[in-house]
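This report describes selected parts of a protein model.

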Amino acid sequence: MLLLTDSRGLFLSRSGTSLTDHRAVANSVASQQFASDISHRSSGAPFLTMSSQHLSVSHTDSYVALLASENPCGIDIELLNRNAAKVARRFTSLEETARVAHCFPCNPELLIWCTKEAIYKRCQRPDAELLHDFRVVDMEQNEIFTMAFGELVSAEYLIFNDLLIVFSR
């Protein structure tokens with residue numbers, strides 16, 4: 001059952017907690033929404049077998065999210081209470097955290113993590129490093145701007161129930 005769908009190509013559904021459950025739900029959503037199955041490239045990136053649309057998939061706990069777009073896209077979801085601060089030095093700087101904290105004080109490290117993950121998926125560069133290749137440079141309301149390989153890339157975020165959802169198209 002879909003919990004959220006919108007005109008931006010975003011779909012959110014409940015799932016069991018195993019990877020098998022997540023994949024089954026993602027395939028079910030793809031079948032219903034796109035009349036297509038999901039397969040995976042050698043890099044692990046998902047794609048729709050019967051559609052030219054780009055696809056990104058994320059899962060956490062008992063949720064699965066899909067983002068489909070005519071252009072490369074990426075999505076990441078995490079439970080809002082996940083403590084990303086413990087490992088923040090692996091993917092962000094103090095400067096980025098301070099930049100995000102004024103707009104998203106409840107868990108700035110988590111927003112940075114999800115943003116960089118979504119943009120990583122969009123860029124499809126397996127050699128990319130979140131700490132060095134992606135730099136948060138600005139924020140406005142529910143949009144966060146990141147430099148990725150010399151290009152300014154935007155991502156939107158929203159909170160749905162206990163989830164942080166970040167996506168870039």
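## Serine 69 and its surroundings

A polar atom of the serine 69 side chain lies 3.1 Å from the backbone nitrogen of asparagine 71. A polar contact is a pair of N or O atoms within 3.5 Å; within protein, one must be able to donate a hydrogen and the other to accept it, and residues adjacent in sequence count only if both atoms are side-chain atoms. The model is predicted: local features need pLDDT of at least 70, side-chain atom pairs count only at pLDDT 80 or more, and totals for chains, interfaces and linings use all residues. Residues are numbered from 1 along each chain as its sequence is written, and side-chain values use heavy atoms, with hydrogens and water left out.

Serine 69 belongs to strand E6 (residues 63-69). Helices (H or I, at least four residues) and strands (E, at least two) are DSSP runs, numbered from the N terminus. With a relative accessible area of 8%, serine 69 is buried; buried means under 20% relative accessible area, exposed over 50%, and partly exposed in between (1.4 Å probe, protein chains only). Apart from neighbours within four places in sequence, serine 69 is in contact with Gln53, His54 and Arg169, where contact means heavy atoms within 4.5 Å.

## The open sheet

Strand E6 is part of an open sheet of 4 strands, ordered E1-E2-E6-E5, with antiparallel pairing. Strands E1 (2-5) and E5 (54-60) stand at the edges with a single partner strand each, so one side of each has no neighbour in the sheet. On average, neighbouring strands of this sheet are turned by 15 degrees against each other, direction ignored. Two strands pair if DSSP finds at least two bridges between them. E1 and strand E2 (residues 10-14) are joined by 3 bridges, and threonine 5 has phenylalanine 11 in E2 as its bridge partner.

Helix H1 (residues 19-34) lies across E1, E2, E5 and E6, and runs at about 40 degrees to E6. Axes are lines fitted to C-alpha atoms, for helices over the stretch in contact, and angles run from 0 to 180 degrees between N-to-C directions.

## A hairpin

Strand E8 (residues 134-140) and strand E9 (residues 143-148) run antiparallel and are joined by 6 bridges. Glutamate 140 has glutamate 143 in E9 as its bridge partner. The two strands E8 and E9 form a hairpin with 2 residues between them, and glutamine 141 in the turn has a positive phi of about 40 degrees.

## Salt bridges

The count comes to 8 salt bridges, a salt bridge being a side-chain nitrogen of Lys or Arg within 4 Å of a carboxyl oxygen of Asp or Glu. One of them joins lysine 116 and glutamate 96 (3.0 Å, N to O). This pair links distant parts of the chain, with lysine 116 in helix H3 (residues 108-123) and glutamate 96 in helix H2 (residues 94-101), 20 residues apart. Lysine 116 is buried at 0% relative accessible area, and glutamate 96 is buried at 3%.

Arginine 8 and aspartate 6 also meet in a salt bridge (2.6 Å, N to O); arginine 8 is partly exposed at 27%. Arginine 169, a contact of serine 69, forms a salt bridge with glutamate 156, the closest N and O atoms being 3.4 Å apart. Arginine 169 lies in the segment after strand E11 (163-168) and glutamate 156 in strand E10 (residues 151-160), so the pair ties together parts 13 residues apart in sequence. Arginine 169 is partly exposed at 39%, as is glutamate 156 at 26%. Salt bridges that share partners join Asp6, Arg8, Glu156 and Arg169 into one network.
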